[in-house]
Number of protein chains: 2
Amino acid sequence: MAKKSALQIAREAYSPKLPLGLQGNVSVKEGAPTQSVADQEEVKKLFPNTYGLPIVEFVAGEEKTYPQMNVGVILSGGQAPGGHNVICGIYDGIKRLNPDNKLYGFLLGPGGLVDHKYKELTGDIINEYRNTGGFDMIGSGRTKLELESQFESGIEIIRKLDIKALVIIGGDDSNTNACVLAEYYAAKNYGVQVIGCPKTIDGDLKNEQIETSFGFDTACKTYSEVIGNIQRDANSAKKYWHFIKLMGRSASHIALECALEVQPNICLISEEIQEKGQSLDDIVTYIAEAVSQRAANGDNFGTVLIPEGLIEFIPAVKRLIAELNDVLSSEKYLAASPADNVAWLLDGNLSADNTATLASLPSSFAAQLTGERDPHGNVQVSLIETEKLLSSMVATKLEQWKKEGKYSGKFSALHHFFGYEGRCAAPSNFDADYCYSLGVSASQLIANGKTGYMAIVKNTTRPASEWIAGGVPITMMLNMEKRNGRMKPVIRKALVDLDGAPFKAFAAMRETWKKETCYVYPGPIQYFGPSEVCDKTTETLRYEQQ
Amino acid sequence: MAKKSALQIAREAYSPKLPLGLQGNVSVKEGAPTQSVADQEEVKKLFPNTYGLPIVEFVAGEEKTYPQMNVGVILSGGQAPGGHNVICGIYDGIKRLNPDNKLYGFLLGPGGLVDHKYKELTGDIINEYRNTGGFDMIGSGRTKLELESQFESGIEIIRKLDIKALVIIGGDDSNTNACVLAEYYAAKNYGVQVIGCPKTIDGDLKNEQIETSFGFDTACKTYSEVIGNIQRDANSAKKYWHFIKLMGRSASHIALECALEVQPNICLISEEIQEKGQSLDDIVTYIAEAVSQRAANGDNFGTVLIPEGLIEFIPAVKRLIAELNDVLSSEKYLAASPADNVAWLLDGNLSADNTATLASLPSSFAAQLTGERDPHGNVQVSLIETEKLLSSMVATKLEQWKKEGKYSGKFSALHHFFGYEGRCAAPSNFDADYCYSLGVSASQLIANGKTGYMAIVKNTTRPASEWIAGGVPITMMLNMEKRNGRMKPVIRKALVDLDGAPFKAFAAMRETWKKETCYVYPGPIQYFGPSEVCDKTTETLRYEQQ
C-alpha cells in the first residue's frame, strides 16, 4: 500500500460539487441546429454525420432506466490538474445510470487504443485517484489519432470490450481528432460514440462555448503561489531582479493570469509584442527602462514574467529562425561548432535583416540557435532560455547606460522557469468540481446517444450548484486552417485577446505595477478554508465573465 | 492601501497558538548554572559577564507590574518564514507587560543599528504583517556586528531611543555576534540587554537546547509541495529524470527533510559523501546505476534531490577548488578565456590528482570553475549548476554503458533549483505559532533582565499548548573554532548527523525508493483544515524527538 501524505488522505474524502442539473435524474434540453464558427461549407462537407447538431443542456428530469453499456477513456497530451476527476465523474456517472456499466482506461494516451493496451477501471482504482493530480491512473501520451488505420485498429478493441463510447480528454488538437474519429465511426455506422473534454493548463482551448479548459485554474494558482513567494523575497532582500519564465506554449494566458494574481513589475505578453511588431531590442529597452526607473527610486529589485512562447512572437526573431531552419538544413551547412556556424552565417550567408538580428544576440544564445536541431532539422526553440537571454541583454544595455551616465543602479538577476511544478498539482476545489462535472456530463452525453460532442460546463464564476452542464457539437468550434501546408478543419486556438477584459485590466494597471511595488501574495491553494479563499476562480475567468 | 489576496486577508485573522506558560501571567523558573558545550575555560574567559548563566523556563505565575521600557529588533541574514511573527510576538509581549512600551525596528539588518536607521513599529504596522512571510516589514541585511566601533555606534542610537534591550533574529553567526554584543554591553555596564532568536531555513542551527530553527518547516513544506508535483508529473509522463537542487548552504537538512516528505528515487546527502570520501564519479555511477536499474523495469523516469552545498563536500572537488583558488589568484594566472585557463591548468600546472579531477569534468563546468571569481579571487561555487553537472555526467556514462551493451533505456533530464520559492512563503501554522512564541519568550527574557540569552521553545512535536518556552544562555552553545585562521567562539553549525534518526530512517528506505516508485505528494501548506494536515511538524523533528 503506497504511503500517502496527510493531505492526500484528507482530500480523498472530498465530494466534488455538481451543478443542480446533474445532481439527480437528468433530462436533456436541446437547442437549435448549430453552424461552425467559420468555413461552414467546407466543414459541413467534411463532417456530414456530425455537423449542425444542437447544443444540449442537462436539467433535472424524471427517473429513467438505461441499458447496460461500457465506456472507454483516453488521456491525451500534457498533464493537467483534474484529469483523474474527469474519469471519476465518468465512472460515477455511468454507474449511476446502470451499476453494470464498465469503464475501461486506455493506457499511455491514444496509443493505448491503437495498440490495445487498456485496463478496467474498477471502484477500487477510481477511489485511489479521487481529487488527485497527475495522469498516472492510466498515463497519457502524444500519439495523434489521425489515420484510418488507427481508427480501424481502435474499433477492434472497442468491439472486443463492447464499448459504446470513447471519451477523449485533451486539448484543441485532441478534440479536433475526437471529432474526426466521431465522424469516421458515424460514417461507417460502427455504432460507437466519441465525446471530447476540454483539457489544458495553457488556457488556449476556450471560445463562445467553452469558458475555460480544466487545469488552468490549479496550474496558475500554483505558479502564482511561488511567484508571490519570490516577490516577497525580492521585496525583502531588495537586491535581485527575478526573471521568471512560465509554461504555456504559444499563448500567454498563464503569464497574464499570474500577472493579474501577483501584480509583478513587468509581464510580457507575446501576442502584444507580435501585434506591435516589437524587436528584441524594444523588449530589452522596455525592461531596462523599468530597472533604471526603479533604481532611481532606490529599488534595485523587481520581477519580470515571461511567457514560454515569447521568442517566436518577436517578428524579427521569427524571421531569423525561419531562415536558419532553411539555411542550416541545406547542404551549405557544415556541422561545425555553433560558434563557427555563427561566424559563417554572419559572413554574408544570411539576409541583411537576419544578419543584424543574429549579430545583436549574445554569443551563447546565437550559438543555441545554430546548435543542436530537432529531428526535422529545425531550431529547438523550447531549449532557448529566454529568461537568461533577456536578463543578459538587459545587463549589457544597463552597462552601456551607466557609461553614458544615464543609470547608476545595481542590477543582479536570478532566473526561474515554472511548468512541471504545476501540471500535476492536486486540483483546486474549482478544478476538482469542474472536472468531475465534465465527467458526469460526458456520461450523460453518452447515455443520450450523442457523438462528436464535447462535454461543457458553463456559468463557472457562479457557485457550482448554479453551473450549467451540457454538450456542444465539436463541429461548431471548427474552422479551416493551414497545417503543414494543407487546409484542415481545426478548433481555433485561443491566444490572448488584446481587446479582451483580462488584458485590458492588466494594461490599465501595469504602469503603476512597474514603478511602484504592488506585489500581491496569493499563497498556496487552500482546500478547507473560507469559500472566498478556496473557491475563487481565476482572474481571467472573472474578468471575462464580468 | 495595498491590494491583498483572499488568503492574505484570511490569514490576518489567525491567532497564533501559545504555550500554556506564556498564555497568562508569567513567572521564571531558573535552572542550575550552565557550561559551554566545549572549550569551557576559553569561552568563560571571553565571556566573564554572560558565562555560566542558568537555563530559564516560563511557567504560569502571579500578576506583576513592569516599568516602562523600549525594545529594538533586528532581522539578520537570509529570509525565513515567520520572522514577522517573531516581531509581532515581541510587540504583543511587551505591550502586555506595559502598554507604554515601544518597539523599534532597525532597518535592513544589523547595519540599521550601526547607521541609526530605524522606525517605530506601531500597532498599525504590526497588524499589517501578522502571519505573513518575508522580512519586508523592516528588511534584513548581512552586515556582521563584530567591531567595537559598531557596538559603540549602536549604543548612541540605543540611548537616544531609550532602548532597554535588543532582539537579534538570525542564524548561528548572528547569534554568536549577539552574544559578543551582550558581553560587550555588560562589560561596559551600558545597561542594555541583547537577546537572540534562532532563525534559518537551512536547519543548521539546532542542538541540545534548540529543537529547530524557525522557517525550516515552511520552506521544506513549500519545496516538498513542488517536488511532489514534479514527481506526479514524472510518474505520469514517464519520460523524464528530474534533477532538483535545493537551497540550504552547507548542510543537507533541507534535502533530507524533503526526501522524507516526498520519497524520491534518489537524494544525495553531502555529509555522507564526505564521510565516505566519495568521488564525483562515485556519485555519477550511483545515479547512473539507478537510472539503468529503473530502465530495466521499464521506468525511464525518476527524481534526484541534490543539496546546494554538495560540490564542496566531495573531497576531490574540494581539493581541486582549493588549488584553483591558490593557482588562479597567483601571478601565473592569465586572465584568458576560461577554456584557455583549463588548457593551461591541465598542461602540468596542477597537482596530478587535481589534474585528473579537472580533466574528468565536462568542459563547460571546468570553464565555470576557472571563470569569473568572487572579489577575494575565489571560485564562485554557488554559481556552479551542480544539477546540470551531474545529469550531464550521468548521460555520458549511460552512453558509454549503452555502447558496452550494459544499458538500453532512454535518459532525458530536466533541471530545477528551489530556494527563493520558499524563503518568504507565508509561515505554516507551526512556524506562525513557533515564531510568535519565540517573540513572546524574548519579551519575557527582557522583562526579567536577561542578556546573552536566546529565546527558545521546546517540546515542539506536542500540541502548542504543551510547548515549553524559555531562554538559554548563548555561551552554553559556544565552542572555539578556527575562522579565517583565528580561533573564535562560535555556535557549532549542525550538519546532518549520520547517526541521527532522520538520516537512519532515510537510509533504511532509500533502496526501495530507488527501485520502486514510492512517491508521496505532500501538496500545498494548509492553514484551515484538519489538525493532522495543518499542524504537522517536519519529519526531521518527528524522528529526532521520537
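1. A salt bridge, as the term is used here, is a side-chain nitrogen of Lys or Arg within 4 Å of a carboxyl oxygen of Asp or Glu. By that rule there are six salt bridges across the interface of chain A and chain B. One of them joins Arg232(B) to Asp136(A), with 3.1 Å between the closest N and O atoms.

2. This is a predicted model, in which local features need pLDDT of at least 70, side-chain atom pairs count only at pLDDT 80 or more, and totals for chains, interfaces and linings use all residues. Residues are numbered from 1 along each chain as its sequence is written, chains are lettered from A and ligands numbered from 1 in the order in which they are written, and side-chain values use heavy atoms, with hydrogens and water left out.

3. The same surface serves both copies, since 100% of the contact residues of chain A recur in chain B, contact meaning heavy atoms within 4.5 Å.

4. The contact takes 62 residues from chain A and 62 residues from chain B. Between them the two chains bury about 4,400 Å², of which 54% is on carbon and sulfur atoms; buried area is the accessible area (1.4 Å probe) that two parts lose on being put together, summed over both.

5. Over all chains the structure holds 28 aromatic pairs, where rings of Phe, Tyr and Trp (its six-membered ring) pair if their centres lie within 6.5 Å, and planes under 30 degrees apart count as stacked, over 60 as edge-to-face and the rest as tilted. The rings of Phe243(A) and Phe411(A) are edge-to-face, because their centres are 6.2 Å apart and their planes stand at 85 degrees. Phe243(A) is buried, with a relative accessible area of 0%, whereas Phe411(A) is partly exposed at 21% (buried means under 20% relative accessible area, exposed over 50%, partly exposed in between, with a 1.4 Å probe and protein chains only). Phe151(A), Tyr184(A), Tyr185(A) and Tyr190(A) form one aromatic cluster.

6. Two charged side chains also sit over rings (NZ of Lys or CZ of Arg within 6 Å of the ring centre and within 35 degrees of the ring normal). The charged end of Lys245(A) is 4.8 Å from the centre of the ring of Phe417(A), and that of Arg542(A) is 4.7 Å from the ring centre of Tyr543(A).
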